[in-house]
Amino acid sequence: MTTLSGRLLLLPLVFFLALPASAQASFGAKAGLNTSFFSGDDAVDSDPRLGFVGGLTARYAVSPSLAVQAEALYSQKGDRFDNDLGFTEDTRLDYIEIPAMLRLGVPLSPLLDAGVVVGGYVGFPVRSEIVVDGTLETELDAATDYGALVGVDIGSGPVFLEGRYTVGLTDAIDFDPDLDVTPSLRNQVVSFTIGYRFGGGRSRYGR
């Protein structure tokens with residue numbers, strides 16, 4: 001991992017530690033399901049990969065309806081392809097992902113709040129491979145993944161549910177040794193998570 005990548009990975013920790021211990025700051029953990037696939041010139045008609053996503057989240061309320069949020073997640077991406085020879089090829093790209101976003105709170109009731117988030121992310125690959133019928137076939141040279149995201153969440157008390165769509169803005173794979181090419185493939189993911197949040201007072205908006 002490069003020095004720059006290491007510094008970027010420290011950003012969520014700095015954000016978490018910099019948040020004041022006040023009613024405006026909250027922390028939490030979440031976990032759920034990624035449904036991922038590829039777009040791009042070299043994308044084929046494949047099935048999505050179902051994978052894990054989860055990690056830590058922190059939020060700071062700038063105003064009653066606006067908050068900034070950062071996360072540190074483990075995110076599994078890729079796809080599944082059934083080729084003409086009857087084999088199943090799983091492309092598995094796993095990342096340490098750092099999203100940063102703005103959240104606009106929407107009050108629904110005194111006990112229920114919702115929000116819309118918009119932002120971006122950077123993902124550092126920790127595993128990149130093609131598995132054929134459960135056997136490792138090829139190790140890929142994955143690239144750092146940069147992308148954009150939009151999502152919605154709804155919560156009651158400390159428990160929240162979230163749906164999010166992320167789209168990669170750069171190619172996910174630097175080099176495929178089997179094909180001897182750099183494929184044009186970008187990550188796209190729909191994720192659903194459930195989480196638990198600590199702190200943040202009882203505000204309907206910034207919690």
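Okay, let's start with Thr 88: leaving out residues up to four places away in sequence, it touches Arg 80, Phe 81, Asp 82, Val 131, Val 132 and Asp 133. Contact here means heavy atoms within 4.5 Å. One caveat before I go on: this is a predicted model, so local features need pLDDT of at least 70, side-chain atom pairs count only at pLDDT 80 or more, and totals for chains, interfaces and linings use all residues. Numbering starts from 1 along each chain as its sequence is written, and side-chain values use heavy atoms, with hydrogens and water left out.

Back to Thr 88, which sits in strand β4. Elements come from DSSP runs, numbered from the N terminus: helices are H or I with at least four residues, strands are E with at least two. Thr 88 counts as buried because its relative accessibility is 18%; the cut-offs are under 20% relative accessible area for buried, over 50% for exposed and partly exposed in between, with a 1.4 Å probe and protein chains only. Its side chain also has a polar contact of 2.8 Å with the side chain of Asp 82. By polar contact I mean a pair of N or O atoms within 3.5 Å; within protein, one must be able to donate a hydrogen and the other to accept it, and residues adjacent in sequence count only if both atoms are side-chain atoms.

Now Asp 133, one of the residues Thr 88 touches. You'll find Asp 133 in the loop between β5 and β6 (135-139). Is Asp 133 buried or partly exposed? Partly exposed, because its relative accessible area is 46%. Check the backbone too: Asp 133 isn't a glycine, yet its phi is positive, about 50°. Most residues other than glycine have a negative phi.

Next, Asp 113 in strand β5 (residues 112-132). Asp 113 has a relative accessible area of 3%, so it is buried. Its side chain makes a polar contact with that of Arg 103, at 3.2 Å.

Over in the loop between β3 and β4 there's Asn 83, buried because its relative accessible area is 16%.

Zooming out, the protein has 1 helix and 11 strands. From the N terminus, the order is α-β-β-β-β-β-β-β-β-β-β-β. Of the 207 residues, 42% are buried. Among contacts with a separation of 6 or more, 65% are between residues 24 or more positions apart.

What about the largest nonpolar core? That has 10 residues, including Phe 38, Leu 93, Tyr 95, Ile 130 and Val 132. The definition is buried Ala, Val, Leu, Ile, Met, Phe, Trp, Tyr and Cys residues joined through side-chain atoms within 4.5 Å. β4 and β5 each supply at least two residues of this core.

A cavity is a set of points on a 1 Å grid over the protein atoms alone where a 1.4 Å probe fits but cannot get out, and lining residues have an atom within 4 Å of a point. Points are joined across faces, edges and corners, and volume is the space filled by probe spheres set on them. The largest cavity holds about 100 Å³. It is lined by 15 residues, and closest to its centre are Val 53, Glu 97, Arg 164, Thr 166 and Ser 191.

How values were computed
1 Å grid on protein atoms, 1.4 Å probe; cavity = no way out; pocket = protein on both sides within 12 Å on 5 of 7 lines; lining within 4 Å.
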